[in-house]
Amino acid sequence: MKKVMVIGIICGIILGIIIKVFFTPVVETVHTEIIAEPEVVIVEVVYDWNQENIEKYIKSVFVEEPEKAVRVAMCEGTVKGKLDTKVVNPTNNSNDTGVFQVSMRYHGVEVARQGLDMTNVIDNVNYAYQLYKKNGWEDWKWSKHCWNK
């Protein structure tokens with residue numbers, strides 16, 4: 001009987017070890033950290049606004065009369081024979097600005113309402129196109145002697 005008890009105790013110990021090793025749940029420590037909100041990153045695309053690229057952009061917008069649109073811009077917004085995105089003509093307080101010399105005196109409120117920058121080629125050309133669609137070439141009639149050849 002003693003032998004059976006000793007064997008029972010040994011089996012119990014072995015069984016306890018087996019249960020502990022194989023059936024004890026494994027607890028993993030999970031490392032958590034608070035991640036800050038992502039930052040807003042503003043990317044500004046800078047174009048090479050050389051003469052050729054400005055002309056290409058004008059032609060892509062003024063699809064009805066691309067060549068005439070380039071001639072108007074060349075008569076309006078050039079410095080030393082080249083289109084200049086920043087050119088401002090302060091004559092008569094009109095502050096004509098950009099390649100299409102958009103008059104801030106007459107169009108400043110609408111330009112501001114649309115959030116446009118007339119020294120920006122894209123804004124200037126697109127706003128000039130709005131004027132063209134509304135009035136034809138009337139807004140550039142003062143330089144017609146130059147571009148209507």
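Q: Why does Cys 146 count as partly exposed?

A: In this predicted model, Cys 146 has a relative accessibility of 30%; buried would require a value under 20% and exposed a value over 50%, so Cys 146 falls in between and counts as partly exposed.

Q: What makes the link of Cys 75 and Cys 146 a disulfide?

A: The S to S distance between Cys 75 and Cys 146 is 1.9 Å, and the cut-off for a pair of cysteine sulfur atoms is 2.5 Å, so the pair qualifies as a disulfide. The structure holds 1 disulfide. The pair links distant parts of the chain, with Cys 75 in helix H3 and Cys 146 in helix H6, 71 residues apart. The angle about the S-S bond is -80°, and the link is left-handed.

Q: Is Cys 75 called buried, partly exposed or exposed, and why?

A: Cys 75 has a relative accessible area of 23%, and since buried means under 20%, Cys 75 is called partly exposed. Other residues of helix H3 (residues 66-76) are buried, namely Lys 68, Ala 69, Val 70, Val 72, Ala 73 and Glu 76. What covers these buried residues of H3 includes helix H2 (51-61), strand E1 (78-79), strand E2 (82-83) and helix H6 (144-147).

Q: How do you know that Glu 67 and Lys 59 meet in a salt bridge?

A: Their side chains are 3.3 Å apart, N to O, and the cut-off between a side-chain nitrogen of Lys or Arg and a carboxyl oxygen of Asp or Glu is 4 Å, so the pair counts as a salt bridge. Glu 67 is partly exposed at 47% relative accessible area, and Lys 59 is partly exposed at 31%.

Q: Why can the salt bridge of Glu 64 and Lys 133 be said to tie together parts of the chain?

A: The side chains of Glu 64 and Lys 133 meet at 3.1 Å, N to O. Glu 64 lies in the loop between H2 and H3, whereas Lys 133 lies in helix H5, so the pair ties together parts that are 69 residues apart in sequence.

Q: Why is Lys 133 called exposed, and why is Glu 64 called partly exposed?

A: Exposed means over 50% relative accessible area; Lys 133 has 51% and is therefore exposed, while Glu 64, with 38%, lies between 20% and 50% and is therefore partly exposed.

Q: What makes the contact of Glu 110 and Arg 113 a salt bridge, and where do the two residues lie?

A: The N to O distance of 2.7 Å is within 4 Å, so the two side chains meet in a salt bridge. Glu 110 and Arg 113 both lie in helix H4 (residues 104-113), 3 residues apart, about one turn of the helix. Arg 113 counts as exposed at 60% relative accessibility, whereas Glu 110 counts as partly exposed at 27%. A search of the whole structure finds 6 salt bridges.

Q: Which residues touch the most other members of the largest nonpolar core?

A: Of its 25 residues, Ile 58, Phe 62, Phe 100, Val 125, Trp 137 and Trp 140 touch the most other members. H2, H3 and H5 are the elements that give two or more residues to this core, and H5 gives the most, with 7 residues. Leaving aside neighbours within four places in sequence, Trp 140 is in contact with residues including Val 72, Phe 100 and Leu 131.

Definitions and conventions:
Residues numbered from 1 in each chain as written. Predicted model: local features only at pLDDT ≥ 70, side-chain atom pairs only at ≥ 80, totals over all residues. Heavy atoms only, no water. Buried < 20%, exposed > 50% of the residue type's maximum accessible area, 1.4 Å probe, protein only. Helix = DSSP H or I, 4+ residues; strand = E, 2+ residues; numbered from the N terminus. Contact = heavy atoms within 4.5 Å. Core = buried A, V, L, I, M, F, W, Y, C linked by side-chain atoms within 4.5 Å.
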